[in-house]
Amino acid sequence: MTSDPLTPLLAHFKAEARLFYAGNLCGDANFGAEYGTGFLHLLRAGSVKLHDTTGYATTLNEPTLIFYSRPLNHSFQTDPNSGADLVCASMHFEHKAFNPISFALPARFECPLSAFKGADALLGLLFSEAFDQKPGRQNVLDRLFEVVLIDVLRIALSRQDAEPGLFRSLLHPQLSKALTAIHANPATEWSIDTLANLAGMSRSSFAVTFKNEVGDTPGNYLTRWRIMLAQAMIREGVPLKLVAERVGYASQAGFLRAFKIVIGESPTTWRNRLVE
């Protein structure tokens, strides 16, 4: 069983980056929630005033990463003469009904680039590609932004002051064992007793601690994780019967019932809407 808490998540978690701006921004820029995406901005040089609709406002005067993991109106203001060097990408997340990573991230994540230990080469390559016009630039930058996102997840996971939720739970010396097992082996017939034993806790202590730290019961979390994986398989054209078996349901009826509870409609209806 892997001791790496991110690998099982990243094996199924999909985030697609799309570069849409690289250059010297002079004046103002607005990023609307109506696009339904997150935004990842890298400030390479200059000064930027950041505002968003939560009332947050700050001035950034050093190279900084700003990540809005969910749609939220925000804007930049820069000096109209000197401007600021920015590279910006939209981030599209799959599984909006239940995506444990995007839910675990704060709506706004802000971090100096100096905090990205060991990422100098990655950021150097990204900025080099962004401010040059090499063939294949768009595809390279899209992939590099996705790698930067993994570094964001590493930093978020390492923060000791994280609020209750998935990331803090993955740092918990006992809960992390159960969560990593669920993520890596969703088809296993996990019971509360089995997960509690894996965590080295009593059944009652495990159930209470899980709910307090993760924000959901172990059973509900397992169901939602399985259905998220089922959605990915359905997108890939896997027959529903095989999907049910692969995510741990012994009966088709049990799978159909769980899918409808989590998603609000049957797998067939959901799949048909994908191709409309």
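Reply: Happy to! One term comes up soon: a residue is buried at under 20% relative accessible area, exposed at over 50% and partly exposed in between, using a 1.4 Å probe and protein chains only. What you see is a predicted model, in which local features need pLDDT of at least 70 and side-chain atom pairs count only at pLDDT 80 or more, while totals for chains, interfaces and linings use all residues. Residues are numbered from 1 along each chain as its sequence is written, and side-chain values use heavy atoms, with hydrogens and water left out.

Let us begin with the sheet of 5 strands. The sheet is open, its pairing is antiparallel, and reading across it gives S1-S8-S3-S6-S9. (Strands are DSSP runs of E with at least two residues, helices are runs of H or I with at least four, and both are numbered from the N terminus; two strands pair if DSSP finds at least two bridges between them.) At the edges sit strand S1, residues 15-25, and strand S9, residues 108-112, each pairing on one side only. On average, neighbouring strands in this sheet are turned by 15° against each other, direction ignored. (Axes are lines fitted to C-alpha atoms, for helices over the stretch in contact, and angles run from 0 to 180 degrees between N-to-C directions.)

S1 and strand S8, which covers residues 84-93, run antiparallel and are joined by 10 bridges. To find your place along this pair, look for Leu 19, which stands opposite Ala 89 in S8.

Two helices meet this sheet. Helix H4, residues 137-158, packs on the sheet and touches S1, S3, strand S6 (64-68), S8 and S9. The direction of H4 makes about 105° with that of S1. Helix H3, residues 120-130, lies across S1, strand S3 (38-46) and S8, and runs at about 90° to S3.

Where is Cys 88, buried or exposed? Cys 88 has 2% relative accessibility, so it counts as buried. Cys 111 also comes out at 2% relative accessibility and therefore counts as buried. How many disulfides does the structure hold? The count is 0, where a disulfide is a pair of cysteine sulfur atoms within 2.5 Å,. For Cys 88, the closest cysteine sulfur belongs to Cys 26 and lies 13 Å away, which is too far for a bond. For Cys 111, the closest cysteine sulfur is that of Cys 88, at 17 Å, again too far for a bond.

Next comes the other sheet in our tour. This open sheet has 4 strands in the order S2-S7-S4-S5, and its pairing is antiparallel. S2 and strand S5 (57-60) are the edge strands, each pairing on one side only. Neighbouring strands here are turned by 20° against each other on average, direction ignored.

Strand S2, residues 28-31, pairs with strand S7, residues 74-77, in the antiparallel sense over 4 bridges. Within that pair, Asn 30 has Ser 75 of S7 as its bridge partner. S7 is also joined by 4 bridges to strand S4 (residues 48-52), and these two run antiparallel. There, Leu 50 stands opposite Phe 76 in S7. From S4 the step to S5 is again antiparallel, with 4 bridges, and His 51 stands opposite Ala 57 in S5.

Asp 79 sits in the loop between S7 and S8. At 38% relative accessibility, Asp 79 counts as partly exposed. Leaving aside neighbours within four places in sequence, Asp 79 is in contact (heavy atoms within 4.5 Å) with Cys 26 and Gly 27. Asp 79 and Glu 146 are 67 residues apart along the chain, and their C-alpha atoms are separated by 29 Å.

Finally, here is a look at a pair of helices. Helix H6 (residues 175-184) and helix H8 (residues 203-214) pack at an angle of about 80°, with their axes 11 Å apart. H6 contributes Leu 175, Ala 178 and Leu 179 to the contact, and H8 contributes Phe 206, Thr 209, Phe 210, Glu 213 and Val 214. Thr 209 of helix H8 is buried, with a relative accessible area of 18%. Leaving aside its neighbours within four places in sequence, Thr 209 is in contact with His 172, Leu 175 and Met 201.
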